[in-house]
Amino acid sequence: MADIAKIISRVRAMIDDYGTPYRDVLTGTGDLDEYDLSESNVTVDRVSQISGGTITDLQAGRNYTVDQHQGRIIFRGGVGTLPLGATVIVEGTARGMLTDEDLAQHVRDAQLWHCGNRTITTRYRSKEGFIRYSDEPLTLDNLPEIEELPLALLAAVNALWQVATSTATEPDIQTAEGTHISRSQVYEQTMDQITALTNRYKELCEQLNVGMYRIEISTLRRVSQTTGRYIPGYSPREFDDASYPARQLPPIDRHHEDPSGIPSPILPGLTG
């Protein structure tokens, strides 16, 4: 079983995007309900309001919301505009490039691609005493431990694509004092790292025969010469499997299909 928090931690290690703790002390001005934090790409763990020597923990969503990317906290509900002299302490973790929410989405995308069209088959005896087989879709809940590394690699590739897109839209900076910041070099280095991680993911998939580069075995379908219809195919079964045959429904390409919707005649000479 793979835990998404564990996968996110491995992805951060691969892209060298560790978090750093921060602690901001905000002082109310009497007319503001939004405050910029000292960091961007933040995760807020605790928000405490100090009033009259009493510390009250505020609730996320009810008392405040956070713009994680911009590093901004907005007070609402019973808090609203902070009174003059009021003190609020915000504690959490700042991320260098990506938030946990961003990485969680990349992990979910990587899971869909890595586990696509794959199942885990388990053998059991039914209440009637027959041998049965159960096919469960492969997800993070039943992902084998040996596949956690390839999945994390694929998620890291997705994350670096986001970083590459960000750097690709920023120009190089050169000041009159002679300072030069080459954003194009950052883009090139990011793309090189994407290529390296992709090659490593492909190599592991080929060695373990898993993921997007695994070898798949397909069954050719035959068309009946008398009816022009596909002959039905059934999934192969173990010799002791007493369940009903399972139909296979391979995808059918529908190129050059007639878009009119007019039915064809059943017999020559008859109109549809």
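Helices (H or I, at least four residues) and strands (E, at least two) are DSSP runs, numbered from the N terminus. The structure is a predicted model, in which local features need pLDDT of at least 70 and side-chain atom pairs count only at pLDDT 80 or more, while totals for chains, interfaces and linings use all residues. Residues are numbered from 1 along each chain as its sequence is written, and side-chain values use heavy atoms, with hydrogens and water left out.

The description begins with the loops. Asn117 lies in the loop that runs between helix H2 (100-114) and strand S8 (119-125). Its phi is positive, about 60°, although Asn117 is not a glycine. Most residues other than glycine have a negative phi.

Asn41 belongs to the loop between strand S2 (34-36) and strand S3 (42-51). Because its relative accessibility is 9%, Asn41 counts as buried. Leu58 occupies the loop between strand S4 (54-57) and strand S5 (64-67). With a relative accessible area of 11%, Leu58 is buried. The C-alpha atoms of Leu58 and Thr190 are separated by 40 Å, and the two residues are 132 residues apart along the chain.

The strands are considered next. Two strands pair if DSSP finds at least two bridges between them. Four strands make up an open sheet in the order S1-S7-S3-S4, and their pairing is antiparallel. Strand S1 (20-27) and S4 are the edge strands, each pairing on one side only. From one strand to the next, the twist in this sheet averages 20°; such angles run from 0 to 180 degrees between N-to-C directions, and axes are lines fitted to C-alpha atoms, for helices over the stretch in contact. Within the sheet, S3 and S4 run antiparallel and are joined by four bridges. Ser48 stands opposite Asp57 of S4.

Another open sheet has three strands in the order S2-S6-S5, again with antiparallel pairing. Here S2 and S5 are the edge strands, each of which pairs on one side only. The twist averages 20° between one strand and the next. Four bridges connect S5 with strand S6 (residues 72-75), and the two run antiparallel. Thr65 faces Ile74 of S6 as its opposite residue.

S8 also pairs with strand S9 (residues 131-137), in the antiparallel sense and over seven bridges. Arg123 has Tyr133 in S9 as its bridge partner. The hairpin of S8 and S9 has five residues between the strands, and Gly129 in this hairpin takes a positive phi near 95°.

The helices complete the description. The axes of helix H3 (residues 148-168) and helix H4 (residues 183-208) come within 9 Å and cross at roughly 160°. Angles under 35 degrees count as roughly parallel, over 145 as roughly antiparallel, 65 to 115 as roughly perpendicular and the rest as oblique. H3 and H4 are therefore roughly antiparallel to each other. By class, their contact has 19 nonpolar, four polar and two charged residues; Ala, Val, Leu, Ile, Met, Phe, Trp, Tyr, Cys and Pro count as nonpolar, Asp, Glu, Lys and Arg as charged, and the others, Gly among them, as polar.

Helix H1 (residues 4-15) also approaches H3, with axes that come within 9 Å and cross at roughly 60°. H1 and H3 are therefore oblique to each other. Contact means heavy atoms within 4.5 Å. On the H1 side, the residues that meet H3 are Lys6, Ile7, Arg10, Val11, Met14 and Ile15. Their counterparts in H3 are Glu148, Leu149, Ala152, Leu153, Ala155, Ala156, Ala159 and Leu160. By class, this contact of H1 with H3 has 11 nonpolar, no polar and three charged residues.

H3 also contains Asn158. At 10% relative accessibility, Asn158 counts as buried. Leaving aside its neighbours within four places in sequence, Asn158 is in contact with His106, Asp109, Ala110 and Trp113.

Key:
Buried means under 20% relative accessible area, exposed over 50%, partly exposed in between (1.4 Å probe, protein chains only).
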